[in-house]
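Open the model in your viewer and keep the selection tool at hand. The stops below go from one chain to the other and end with the confidence scores.

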Amino acid sequence: MAKVILLGVSKFYGKVQAVKKIDLEIIDKEFLVLVGPSGCGKSSSLRMIAGLEEIDEGVIKIGDKEINNLEPRERNVSMVFQNYALYPHMTVEENLGFSLKIAGLAKKEIEERVHEAAGILDITEFLQRKPSQLSGGQRQRVAMGRAIVRRPDVFLFDEPLSNLDAKLRNQMRTEIKRLHQKVSTTIVYVTHDQVEAMTLADRIVIMKDGIIEQIGTPLDLFERPATKFVATFIGSPSMNMIKASIINHNDQLSMKTNDGIIVPVPKDKQNFVSEGQNISFGFRAEDIVPLKFGQKPSSAWEMQSSVNLAEPLGTETLIFTNFGEIEIVSRMFTPEQVKSNDLLDFALNLDRTYLFDENSGLAI
Amino acid sequence: MNKKQINNILIWFSAIVLIILIMTPGLWVVLTAFRPQVDVMAKPAVWIPRNLNLIQFETMLFGGSEGSMGRSPIPVLSYLRNSLIISFTSTFIAVLVGTIGGYGFARHNFKHKNKYFLLIMLTRTIPGISLSLPIFIIFSKIGLIDTHIGIILVFVALNIPFTIWLTDGFFRQIPRAMSEVAMTDGCTKLQAFWHIELPLSRSGIASAGIFAFLISWNEYALVSNLARSTDSKTLTVGLMDFTAQFTINWPGMCALAVFIIIPALILTFMVQKHLVTGLTFGGVKG
């Protein structure tokens with residue numbers, strides 16, 4: 001049993017509060033990803049779990065044991081660092097076996113466990129090499145091997161893929177997921193990359209400015225963002241977001257943008273907004289489609305706009321166009337050649353339009 | 001001849017002139033050690049040695065009196081023993097204390113850290129010789145004149161700031177993640193230092209050690225005041241034994257100088273290797 005519980009945990013650096021009284025429960029064997037922009041407190045939180053940073057406020061428990069005052073070595077966690085931090089003066093085999101040697105295990109058992117871990121990660125042939133003789137991906141694997149050899153209660157990953165090139169990153173991402181299935185240990189994984197978070201996580205924790213914005217499964221966050229920040233952070237391309245105020249237009253609650261464009265408030269939101277309220281409304285690229293090049297949504301609001309730029313991606317084309325003065329992205333699912341300045345009709349799916357209160361940033 | 005060739009010639013020419021300028025005194029010392037006194041003192045000067053011999057070394061080490069102007073041989077072996085004891089002991093202590101200090105400055109944050117560091121470095125700006133009188137007075141009051149311990153103390157104090165400065169730099173180069181991962185791997189702080197950070201900074205510590213050794217080995221001014229007899233006189237101070245009231249035995253002095261230079265030269269080559277090699281961080285990207 002290795003659930004991890006954070007209760008009212010804070011971290012201060014001088015006067016700056018990097019982590020602000022966060023509460024979080026990580027379930028046993030869960031793959032939890034902490035994601036957010038740099039400086040959001042995700043790494044500090046991870047390092048507090050590892051014992052590399054003092055916990056300034058609150059309690060952290062692993063299993064049922066409070067670990068606030070335990071040394072890192074007493075917490076039975078393993079950490080994989082962004083820069084791998086392999087011991088350069090040891091061979092791969094010595095790197096993997098180091099923790100077991102420190103723990104005083106017999107030579108034979110060390111060897112067995114090192115080979116087992118090397119087998120899992122497919123690095124057996126490199127065991128006698130020094131880290132400097134390995135490629136980036138191989139080093140990353142050794143770093144993971146060093147973590148699993150100890151059979152810890154919790155794995156901690158601190159942006160492990162950000163030093164790798166794009167292709168290798170995708171490959172290692174899959175391998176980390178596979179590793180989790182093989183060893184089924186609780187994993188806390190920190191990244192700033194929302195794609196990594198979406199693809200790896202059982203649950204995602206989105207942090208910003210030291211607080212947790214939302215916790216949920218990847219699809220939860222994608223479909224039901226709790227705040228404007230989460231809505232724009234998750235998903236690629238980023239959700240289109242337009243500022244507006246609620247007005248009464250022909251006896252119907254509508255959203256009037258700063259450019260004077262009037263869009264009706266989606267039906268399911270009408271009871272939750274009031275006249276004069278400042279809001280932002282957001283919609284993803286796939287929810288505003290060029291007519292004729294995709295299925296027209298059932299509750300559509302139509303507009304006409306010219307193409308600024310088109311990015312053909314093969315299976316789809318991203319079209320950059322204007323919504324008043326603001327540039328938005330639209331996704332065309334049945335790509336046809338379009339040119340700049342082509343005039344197209346777009347349909348916005350009102351059922352999939354999100355509203356956020358401008359003051360609180362919370363979803364309506 | 002194009003511009004590039006002219007440039008090359010100029011560079012080589014100035015390099016050769018510089019090398020000659022730097023090497024000549026050293027070469028002169030070495031040559032003099034193998035020449036008879038008459039040759040050295042001859043007027044007009046004899047530039048090209050007419051005959052070379054090992055008499056000075058024989059006299060110095062084995063005591064013969066032939067050609068050494070009848071002077072009884074100086075106790076070179078006692079001086080060598082003193083030099084070795086003082087240099088090695090002071091180097092060991094300075095490196096031990098300095099490395100701990102350097103690690104502290106590199107890895108720990110405490111109040112006024114930068115000021116303390118500056119203060120320690122500032123002690124190096126004081127010319128050592130200006131300290132000789134105060135040290136002499138203090139030592140004479142507590143009975144440390146003409147003792148190994150006294151001279152060792154002076155060298156330790158002289159070398160610690162430099163060792164701190166050098167090892168601090170080397171420890172800073174080791175990513176913090178190294179000791180952090182070692183600590184999650186089950187190490188105590190001390191074990192992480194011993195197994196990971198110490199081996200990784202051994203080049204730096206070795207260089208610091210060699211520098212400290214050379215400073216102790218070559219120091220003359222301070223020791224000449226603090227050492228009175230064969231109990232504590234070092235080789236460099238021993239050089240003065242070749243001066244008499246009216247004469248100086250130049251070949252003998254140069255022979256001892258060569259004798260002093262050899263270990264220093266060997267160690268200098270080792271420093272060079274360590275400093276050039278530096279640290280290779282295979283475990284870290286880059």
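Select strand 1 (residues 4-13) and strand 4 (residues 57-62) of chain A in this predicted model. The two strands run antiparallel and are joined by five bridges. For one position in this pairing, pick A:Ile5: its bridge partner in strand 4 of chain A is A:Lys61.

Next, show the contact between the two chains. Chain A contributes 24 residues and chain B contributes 21 residues. On the chain A side, select strand 6 (77-80) and helix 2 (92-102), the elements of chain A that give two or more residues to the side touching chain B. Colour that side by residue class: 15 residues are nonpolar, seven polar and two charged. For the complex, the predictor gives an ipTM of 0.77 and a pTM of 0.77.

Move to chain B and colour it by domain. Domain 1 covers 3-62 and domain 2 covers 76-277. The C-alpha centres of domain 1 and domain 2 of chain B lie 31 Å apart. Their contact takes 13 residues from domain 1 of chain B and 10 residues from domain 2 of chain B.

Which elements of domain 1 of chain B give two or more residues to the side that touches domain 2 of chain B? Select helix 1 (3-33), helix 2 (37-41) and helix 3 (55-62) of chain B. Helix 3 of chain B gives the most to this side, with five residues. By class, this side of domain 1 of chain B has eight nonpolar, four polar and one charged residues.

Finally, colour chain B by pLDDT. The chain B average is 85, and 91% of the residues score at least 70.

Two stretches of chain B remain to be selected. Over residues 66-71 of chain B the pLDDT is below 50, and this stretch has 11 contacts in the model beyond near neighbours in sequence. Residues 278-286 of chain B also have a pLDDT below 50, with 26 contacts in the model beyond near neighbours in sequence. Where pLDDT is low, predicted coordinates should not be read in detail.

Note on methods. Residues are numbered from 1 along each chain as its sequence is written. Chains are lettered from A and ligands numbered from 1 in the order in which they are written. This is a predicted model: local features need pLDDT of at least 70, side-chain atom pairs count only at pLDDT 80 or more; totals for chains, interfaces and linings use all residues. Two strands pair if DSSP finds at least two bridges between them. Helices (H or I, at least four residues) and strands (E, at least two) are DSSP runs, numbered from the N terminus. Domain bounds come from an automatic or database domain assignment. Two residues are in contact if their C-beta atoms, placed from the backbone, lie within 7 Å. Ala, Val, Leu, Ile, Met, Phe, Trp, Tyr, Cys and Pro count as nonpolar, Asp, Glu, Lys and Arg as charged, and the others, Gly among them, as polar. pLDDT is the predictor's confidence in each residue, from 0 to 100.
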